[in-house]
Amino acid sequence: NLISIPTNTELAFNLKQGKTYKQKSNIKTSIVQDINGQKIDIIMTIKGTMSFFVKSVTDKTYQMDTKFEHLGMVMQMSDGTIEFDSDNVDAENIFSLVFGAMKNKVFEVTMSKQGKVIEVKNIENLFDSAINQFDEIPVAQREQIKTQLSQAYGAEAMKGSMEMVTAIYPDKPVHKGDKWTINTNL
């Protein structure tokens, strides 16, 4: 009789150098604030499509040129809805102008083969170049926009939102029936 010995299997992405992969996300957040005794409810939806061009592959990581193909945000509040969209650029809508200026601009992402985002580089430079081209926007307002963009789309926010989709594999080989837990910060 032959005995079958189970083998460990390493689960990982198998991305190919020179190929482009896309991620589409739609994140809905409910925010409840108490400002001077007044309760404010906000439902914020952040939408986006990103493409990842795999520049190089090592035995542990992928180095990718990443860009936004679409950016959008909808904020529903008791007094109305505000919408920003990179595809609906309107001179009266500053965030839509900035989102439009951020489209197709490259920033770098290094990701492990298990889907953990190791580093996001040059995304803040993307905000600066997109916002600073609008001289008609006062400097104080530009800084406020940069802060808001960093909170929603900055390096740490990008790591968390990407990992919600990509960080699914364990960091060690597994047997059939094994379980693992993945922790991601958003």
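**Exercise 1.** Determine whether Thr-66 is buried or exposed, and list what Thr-66 touches.

Solution. Step 1: the relative accessibility of Thr-66 is 0%, so Thr-66 counts as buried; buried means under 20% relative accessible area, exposed over 50%, and partly exposed in between, with a 1.4 Å probe and protein chains only. Step 2: the model is predicted, local features need pLDDT of at least 70, side-chain atom pairs count only at pLDDT 80 or more, and totals for chains, interfaces and linings use all residues. Residues are numbered from 1 along each chain as its sequence is written, and side-chain values use heavy atoms, with hydrogens and water left out. Step 3: leaving aside residues up to four places away in sequence, Thr-66 touches Met-50, Ser-51, Phe-52, Lys-105, Val-106, Phe-107 and Val-109; contact means heavy atoms within 4.5 Å. Step 4: Thr-66 belongs to strand β3. Strands (E, at least two residues) and helices (H or I, at least four) are DSSP runs numbered from the N terminus.

**Exercise 2.** Find which strands pair with β3, and in which sense.

Solution. Step 1: β2 and β3 run antiparallel and are joined by 15 bridges; two strands pair if DSSP finds at least two bridges between them. Thr-49 stands opposite His-70 of β3, and the hairpin from β2 to β3 passes through 3 residues. Step 2: β3 and β4 are antiparallel over 6 bridges, with Met-77 opposite Gly-80 of β4. Here the hairpin has 2 residues. Step 3: β3 is also joined to β5 by 6 bridges, again antiparallel, and Thr-61 has Ser-112 in β5 as its bridge partner. Step 4: β5 in turn pairs with strand β6 (residues 117-121) in the antiparallel sense over 4 bridges. Met-111 has Val-117 in β6 as its bridge partner, and the hairpin between β5 and β6 has 4 residues between them, with Gly-115 in the turn at a positive phi of about 95 degrees.

**Exercise 3.** Explain why helix α1 is described as largely enclosed.

Solution. Step 1: 7 of the 9 residues of α1 (residues 94-102) are buried, so the helix is largely enclosed by the rest of the structure. Step 2: the buried residues are Phe-95, Ser-96, Leu-97, Val-98, Phe-99, Ala-101 and Met-102. Step 3: they pack against β3, β4 (80-85), α2 (123-132) and α3. Step 4: after α1 comes Asn-104, with a positive phi near 60 degrees.

**Exercise 4.** Describe the lining of the largest pocket.

Solution. Step 1: a pocket is an open set of points on a 1 Å grid over the protein atoms alone, where a 1.4 Å probe fits, with protein on both sides within 12 Å along at least five of seven lines; lining residues have an atom within 4 Å of a point. Step 2: the largest pocket has 25 lining residues, and Met-44, Ile-46, Met-73, Gln-151 and Ala-152 lie nearest its centre. Step 3: β1 (20-35), β2 (38-57), β3 (61-77), α3 (139-153) and α4 (155-166) each supply at least two lining residues, and β2 gives the most, with 6.

**Exercise 5.** State which elements have the lowest and the highest mean pLDDT.

Solution. Step 1: pLDDT is the predictor's confidence in each residue, from 0 to 100. Step 2: the chain averages 87, and 96% of the residues score at least 70. Step 3: among the elements, α3 has the lowest mean (81), and strand β5 (residues 107-112) the highest (96).
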